[in-house]
Amino acid sequence: MGKFEYAPAPESRAIVSLRESYGLFIGGEFTPGVDGLAFKTISPATEEVLAEVTEAGPADVDRAVTAARKAYEQTWSQLPGKERAKYLFRIARIVQEKARELAVLESLDNGKPIRESRDVDIPLVAAHFFYHAGWADKLEYAGYGAAPRPLGVAGQVIPWNFPLLMLAWKIAPALACGNTAVLKPAETTPLTALAFAEICQQADLPPGVVNIVTGAGETGRALVTHPGIDKVAFTGSTEVGKEIARECAPSRKKLTLELGGKAANIVFEDAPVDQAVEGIVNGIFFNQGHVCCAGSRLLVQESVYGEVLAALRRRLETLRLGDPLDKNTDVGAINSAAQLAKIRELSEIGEAEGAQRWSPPCELPVKGFWFPPTVFTGVSQAHRIAREEIFGPVLSVLTFRTPAEAVEKANNTPFGLSAGVWTEKGSLILWMASRLRAGVVWANTFNKFDPASPFGGYKESGYGREGGRHGLEAYLDV
Ligand code: NDP
């Protein structure tokens with residue numbers, strides 16, 4: 001698919017040295033699991049087995065929490081902020097040095113295009129550690145009192161859509177504030193978290209400050225319900241988030257939840273069309289739409305509907321789907337067979353409910369998990385594809401006539417994570433931003449992230465903020 005033919009330009013895999021099997025990272029060392037259970041992690045683009053990974057059971061989680069508690073009491077909480085900062089700076093620099101290797105590894109295990117892991121994920125990981133390294137010795141100026149105290153041991157569970165970046169969002173603020181951490185990566189994307197464990201060793205991080213326990217949902221449950229945890233941080237589905245909130249409610253654990261979204265990307269008639277189309281594409285097809293804040297509902301002002309749709313279709317015909325390790329690839333593989341099945345099911349429901357489905361001509365690879373960029377028109381607010389998070393490269397298009405109608409439709413969702421506004425009028429941007437019930441509102445851009453900018457949701461998108469000064473609050477006893 002596409003107007004131009006490019007020769008393949010795959011990034012070399014040789015830079016990555018995978019082990020055949022990985023243990024759990026507990027107390028600064030890789031150790032086997034107590035039960036001897038393991039699972040395989042595969043490349044979603046080829047279904048090739050990449051490595052075998054240990055499945056942590058409750059006894060392993062207990063070992064990890066004990067190691068984190070010991071490190072918290074004996075080392076990490078005793079260190080002055082400027083000493084903690086040195087470790088965080090060191091980690092950030094090692095991430096930069098290993099950027100190429102980490103980007104290839106992330107694309108292999110997750111299926112995302114190397115262009116994104118190389119230019120977005122990994123630079124943001126380093127930025128997140130640099131940013132929080134800067135806070136570690138300045139916490140008394142963060143607005144949380146003269147001597148803000150850490151909470152203790154953080155139990156952190158992350159999803160598969162931005163594996164190393166979500167790890168950075170969790171571990172960097174936890175450590176900067178003086179906490180220790182036990183983190184569980186997603187079952188389908190454990191490899192960069194294990195590479196991060198090696199980075200902790202290389203940085204001489206005191207043993208037990210960071211512990212990585214791999215496994216599936218049961219491992220996550222064992223972690224968040226462990227009585228030795230002081231703080232739970234979760235990013236993932238709203239369904240699991242609600243379950244965790246119920247489990248933590250009777251305890252003294254502090255909880256932050258970063259859950260799903262169904263963001264409106266709102267295009268007014270005075271918006272520059274080509275720029276808006278780039279924003280729409282970036283909003284929903286970046287990372288195959290596996291983005292909690294994806295602009296999955298396009299709201300177009302009726303007067304420019306035909307023009308915007310025609311330009312969007314032309315642009316989608318130039319997207320290149322295929323090998324995630326090819327630098328020319330725009331759309332990579334769907335992360336897992338289960339996620340592909342969910343995207344297919346909801347797309348079929350969209351058609352059955354009467355919406356019109358369109359995809360550019362696009363050849364899908366035979367092996368692996370793939371779904372073409374898809375646009376649904378004729379969507380009404382009652383349709384499931386307009387209400388539910390699809391978490392894939394599927395855009396639902398709706399129209400509006402007035403700004404008030406745009407606000408009403410945008411807010412007509414149980415979620416409230418993000419929104420986008422495209423217009424030349426600054427006054428309209430401010431008018432919209434003050435009415436949209438979303439944690440992040442982007443104006444004339446979309447999917448832009450910065451460690452200094454707090455991120456988080458309203459309603460069923462969760463609570464608490466990550467990043468910026470506000471994100472520190474989640475890891476301090478305030
Ligand atoms: P989940 O919410 O199930 O997974 C997120 C993380 O939580 C994973 O590490 C998972 O482990 C773990 N987990 C699962 N069950 C529990 C539990 N009971 N207690 C503690 N931890 C648990 O998301 P899925 O990966 O299953 O994706 C399902 C849907 O969720 C997607 O289709 C998408 O709509 C949404 N989603 C939203 C994300 C967001 O950023 N808002 C991110 C990911 C998904 P494991 O992976 O091993 O199952």
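A residue counts as buried when its relative accessible area is under 20%, and as exposed when that area is over 50%. With those cut-offs in hand, we can take a friendly walk through this structure, which is a predicted model.

Let's begin with charged side chains. Is K112 buried or exposed? Its relative accessible area is 0%, so K112 is buried. Its partner is D121, and the two side chains meet in a salt bridge. D121 is buried too, because its relative accessibility is 1%.

Now look at K82, which forms a salt bridge with E83. Here K82 is exposed, at a relative accessible area of 51%, while E83 counts as partly exposed at 24%.

A search of the whole structure finds 24 salt bridges. Here are three of them, with the N to O distance for each:

| Salt bridge | N to O distance |
|---|---|
| K82 and E83 | 4.0 Å |
| D121 and K112 | 2.6 Å |
| K170 and E466 | 2.6 Å |

The bridge between K170 and E466 joins distant parts of the chain, since these residues are 296 residues apart. K170 sits in helix 5, and E466 lies in the loop between strand 18 (462-463) and helix 15 (468-472). Both residues are buried. Salt bridges can also be linked together: E218, R221, E243 and E247 form such a network.

How is the protein divided? Domain 1 covers 16-259 + 458-475, and domain 2 covers 264-443. Taken over C-alpha atoms, the centres of the two domains are 30 Å apart. Where the domains touch, 31 residues of domain 1 and 33 residues of domain 2 take part in the contact.

The largest nonpolar core has 111 residues, and F129 and L175 have the most contacts inside it. Helix 5 (residues 163-176) gives the most to this core, with 11 residues. Why does the core lie between domain 1 and domain 2? Both domains give residues to this core, so it lies between them.

Beyond its neighbours within four places in sequence, L175 is in contact with W76, R84, L88, A181, L205, V209 and V210. There is also a second, separate core of 30 residues, which includes I343, L398, V421 and A438.

Which residues of helix 1 are buried? They are D60, V61, A64, V65, A67, A68, A71 and Y72. These residues cover an arc of only 160° around the axis, which puts them on the same side of helix 1.

What do the buried residues of helix 1 pack against? Their partners are strand 2 (24-26), strand 6 (153-157), strand 7 (180-184), strand 8 (210-212) and helix 7 (217-224).

Key
Residues numbered from 1 in each chain as written. Predicted model: local features only at pLDDT ≥ 70, side-chain atom pairs only at ≥ 80, totals over all residues. Heavy atoms only, no water. Core = buried A, V, L, I, M, F, W, Y, C linked by side-chain atoms within 4.5 Å. Buried < 20%, exposed > 50% of the residue type's maximum accessible area, 1.4 Å probe, protein only. Helix = DSSP H or I, 4+ residues; strand = E, 2+ residues; numbered from the N terminus. Domains from an automatic or database assignment. Contact = heavy atoms within 4.5 Å. Arc of directions from axis to C-beta.
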